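Please open the model in your viewer and keep the selection tool at hand. The tour below moves from one selection to the next and says what is to be found at each stop.

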Amino acid sequence: DKGELNLPEALVFETGTNQWKPYDQWPPKGVVMKNLYFHSDGKLSFDKPTDQSARAYDEYLSDPDKPVPFSRETRTTQGALWMIEDQRFAATRPDVLVYETDELSENITIAGDPLASLLVSMTGTDADFIVKLIDVYPGNAPDNNPNPQAVRMGHFQMLLAGEVMRGRFRNSFSKPEPFVPQRIAKVEFNLRDRYHAFLKGHRIMVQVQRTWFPVIDRNPQKFVDIYKAKESDFQKSTIRVYRSANSSSHVRLPVLQ
């Protein structure tokens, strides 16, 4: 039949190399889940942390009155370009945790669902967590041509995947529960299906932040009905993200061998 399409089970566009590739299943065969761990000094590595100390964590003050914006632009609508915006505007904030690998010595391709796995504690009883997976371009990356917005691609932080988890739903979406202040809890969530090649010379970055305002509404950081929250319910909270040998926050990547 001349009208019959002979397509593979999955015909997928690989960002990074910008190629279409066929597979007989998705995710493709040969995917191995590998943990990319948070380390001290903002390092990110496939090596598991060995730090046994009680201070093996990073922390930030989460102030609902000073939310982390979703864009460097001041705007009240989402617009169309924020998902491709350089994330350096967020990386410079003291309330955004940034972890980055060394320059890659070879391409690393991911195919499937990355998973964020955070070990956290807080002084409040609720919090939101946004994890962003980012491809950092090398310093000598050429600018695009044409380039009407004069975007500089050297060290550009390209948002590859990002997702939010409202902490009260960490164990169940039907039975929300508060955090116990100062007690370590696990918060895991899916960063959604991706097919991307981090190229040799690039770096992989993970940013962890508390708000994505106003795309996501603010969390009072107190376990209350948010739709009925009073101004007094919105409270500051100190949040810790752990990176010790026993409480090792990481992003699990589906690496294609």
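Where is the place of S71? Select S71 and you will find it in the loop between β5 (57-62) and α1 (88-91), where helices (H or I, at least four residues) and strands (E, at least two) are DSSP runs numbered from the N terminus. Before going further, please note that this is a predicted model, in which local features need pLDDT of at least 70 and side-chain atom pairs count only at pLDDT 80 or more, while totals for chains, interfaces and linings use all residues. Residues are numbered from 1 along each chain as its sequence is written, and side-chain values use heavy atoms, with hydrogens and water left out.

**Around S71**

With S71 still selected, display its side chain, which reaches the backbone nitrogen of E73 at 3.0 Å and makes a polar contact with the side chain of E85 at 2.9 Å. A polar contact here is a pair of N or O atoms within 3.5 Å; within protein, one must be able to donate a hydrogen and the other to accept it, and residues adjacent in sequence count only if both atoms are side-chain atoms. S71 is buried, with a relative accessible area of 3%; buried means under 20% relative accessible area, exposed over 50%, and partly exposed in between, with a 1.4 Å probe and protein chains only. Leaving aside neighbours within four places in sequence, S71 is in contact with W82, E85 and F89, contact meaning heavy atoms within 4.5 Å.

**The helix**

Next select A90, which lies in helix α1 and is buried, its relative accessible area being 0%. Not counting residues up to four places away in sequence, A90 touches V96, K132, Q207 and Q209.

**The whole chain**

Now zoom out to the protein as a whole, which has one helix and 15 strands. Its radius of gyration is 20 Å, close to the 18 Å that the globule rule gives for 257 residues, so the protein is as compact as a globular protein of that length; the radius is taken over C-alpha atoms, and the rule is 2.2 Å times the number of residues to the power 0.38. Along the principal axes, the C-alpha atoms fill a box of roughly 65 × 45 × 45 Å. Of the 257 residues, 46% count as buried, and residues 24 or more positions apart account for 79% of the contacts with a separation of 6 or more.

Select S237 in strand β14, a residue that is buried with a relative accessible area of 1%. Its side chain makes a polar contact with the side chain of T123 at 3.3 Å. Once residues up to four places away in sequence are set aside, S237 touches Y60, L61, S62, M122, T123, G124 and Q221.

From that list, move to Q221, whose place is in the loop between β13 (203-209) and β14. Q221 has a positive phi of about 70° although it is not a glycine, and at 5% relative accessibility Q221 counts as buried.

Which residues does S249 contact, leaving aside its neighbours within four places in sequence? Select S249 in the loop between β14 (237-242) and β15 (250-256), and you will find Y37, F38, S117, L118, L119, V241, Y242 and R243 in contact with it. S249 is buried, at a relative accessible area of 0%, and a polar atom of its side chain lies 2.6 Å from the backbone oxygen of Y242.

**Cis peptides and an exposed alanine**

For the next stop, select W26 and P27, which are joined by a cis peptide bond with omega of about -5°; P27 lies in the loop between β2 (19-23) and β3 (31-38). A cis peptide bond also joins N145 and P146, with omega of about 5°, and the place of P146 is in the loop between β9 (128-136) and β10 (157-166).

Finish at A150, whose place is in the loop between β9 and β10. Is A150 buried or exposed? A150 is exposed, with a relative accessible area of 55%, and has a positive phi of about 55° although it is not a glycine.
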